[in-house]
Amino acid sequence: MSEPRVNFMGGSPLNRLSWLRPSHDFLNALVALPQTRWILFNNGLPLVGKKDGSRPSVAYLSTNQIKPLLGPEPFFGQGSEAGNRLLPEHASNDNVAAARHLNSAVVFLGLHEHETNGALPSSDFVDAKAAVKNIEGTPYFSLDVAQGSHSDTELESFLTGTDVATNGTSLTWTEPRGFMMSLDAFTAGVFAGARSLVDWNSRNKFCPACGSPTYSMWGGWKISCSTLLPWAPKSEKPCPTAKGLHNFTHPRTDPVVIMIAIDETGEKVLLGRNKKFPGKFYSALAGFMEPGETFEDAVLREMWEEAGVKVWNVKYHSGQPWPFPANLMVGFYARADSTQPIRVDLDNELEDAQWFTRTEVLGVLNHPEGTTFSGREHKIMNDTVDGTNTAEGTEVQKPDVPAFRVPPVTAIAGVLIRDWAEGKIGFEPKQNKLKL
């Protein structure tokens, strides 16, 4: 069996130590380590550093450098008042496990181990401070500064006042889609988890069950209703989350099927152009899964709804985490009949859909501009997701442009298209229609 493909932003490069997230002693001790590093966001925009004309890179900051943004200690396991630790009678309450209810959420991303030993059992952390000193590796944390109480002026002062900035590195917040294209595999994997988790914490400020404010637990991996805090006033009608398990208290990942259709000759591929795409940009078709569907069901439905195309022989390709805001792209390819009409008037999501030959697609892939996008186009993509409008100016038309463009291989759509064009995936010609 061949090794599974690891796409860009995949691979989960950190040991997440999920069984230790409820321990505020562990998290507080980990934060204090000198090797601990932080990734900061501002409304989803990552903090990057640039020095002497070099390409921008993720600005990994130490705990000492970002302490002004964290609030008073303890950072996890906070008592009822700022600066207070949990009282003994509250310490065993599950609703205060690594609770951070007085300040904006902080996410523990995991540990980058120098040597993977596969073990750090809970029993090793009876004395968390002593055990943490024996950890060999780099712990990573993240937070979004927009969720705190700091003004823009205070944040600017913070950026310019860090020793990173005073040593000649320019720190700034940047648009994430274009920036991530230049990341190495490790940084991309850490970035994907960080952005998705700070976004989830930022979006879930109120309890879905009763409407009360929420607070962060488990190092940013769980939210809880503020009415469940042991010192909260008692209500005649307690929040429904007081009992049982509830999926909305944990981070969610929204699965999206993304797929190409290959015709019966194997020499044509179906690609679509979304109405919101910039330029002559065509890509794989995609859509969110719906309740009661398998992945294969969703592929069949989305292909029909978006392009009026019936597909069969659905095959899995690979997956990719996509932190805009927290999706899992699940890639497929399927068989279809290219002689049947295409229609984009069913859900009206696509502006156009076409069958392209292998020669046409290879021509685009081999063109220097075939898979590249300008900063303005990346902003348009980001604005589409965030509902903002930051892309300004008009696009400069370049000579010798390709007939159309497709995604780069940093997106799974680009991987699917290139793998088909280069003959790495496909079907035998004239394969029988085994419809699902």
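Arg 301 and Glu 305 are 4 residues apart in helix α9 (residues 295-307), so about one helical turn separates them. Helices here are DSSP runs of H or I with at least four residues, strands are runs of E with at least two, and both are numbered from the N terminus. An α-helix has 3.6 residues a turn, so residues three or four places apart point the same way. The side chains of Arg 301 and Glu 305 meet in a salt bridge, at 3.1 Å from N to O. A salt bridge requires a side-chain nitrogen of Lys or Arg within 4 Å of a carboxyl oxygen of Asp or Glu. Arg 301 counts as buried, at 14% relative accessibility. Glu 305 is partly exposed, at 26%. Buried means under 20% relative accessible area, exposed over 50%, and partly exposed in between, with a 1.4 Å probe and protein chains only.

The model is predicted: local features need pLDDT of at least 70, side-chain atom pairs count only at pLDDT 80 or more, and totals for chains, interfaces and linings use all residues. Residues are numbered from 1 along each chain as its sequence is written, and side-chain values use heavy atoms, with hydrogens and water left out.

The whole structure holds 13 salt bridges. One of them pairs Arg 5 with Asp 419, at 3.4 Å from N to O. Arg 5 lies in the segment before α1 (24-31) and Asp 419 in helix α12, so this pair ties together parts that are 414 residues apart in sequence. Arg 5 is partly exposed, at 41% relative accessibility. Asp 419 is buried, at 6%. Another salt bridge joins Asp 345 to Arg 343, with the closest N and O atoms 2.9 Å apart. Both partners count as partly exposed, Asp 345 at 45% and Arg 343 at 37%. Shared partners also link Glu 290, Glu 293, Arg 301, Glu 302 and Glu 305 into one network of salt bridges.

Helix α12 spans residues 412-421 and is mostly covered, with 9 of its 10 residues buried. Among them are Ile 412, Val 415, Leu 416, Ile 417 and Trp 420. Asp 419, the partner of Arg 5, is also in the buried set. Gly 423 follows α12 and has a positive phi, near 75 degrees.

Most residues other than glycine have a negative phi, and most peptide bonds are trans. Asn 43 has a positive phi, near 55 degrees. Asn 43 sits in the loop between β1 (37-42) and β2 (45-50). At 56% relative accessibility, Asn 43 is exposed. Asn 313 likewise has a positive phi, near 50 degrees. Asn 313, however, belongs to strand β13 and is buried, at 7%.

Two cis peptide bonds can be described. One joins Glu 73 and Pro 74, with omega about 0 degrees. Pro 74 lies in the loop between α2 (63-66) and α3 (88-91). The other runs from Phe 324 to Pro 325, with omega near 0 degrees. Pro 325 is placed in the loop between β13 and β14.
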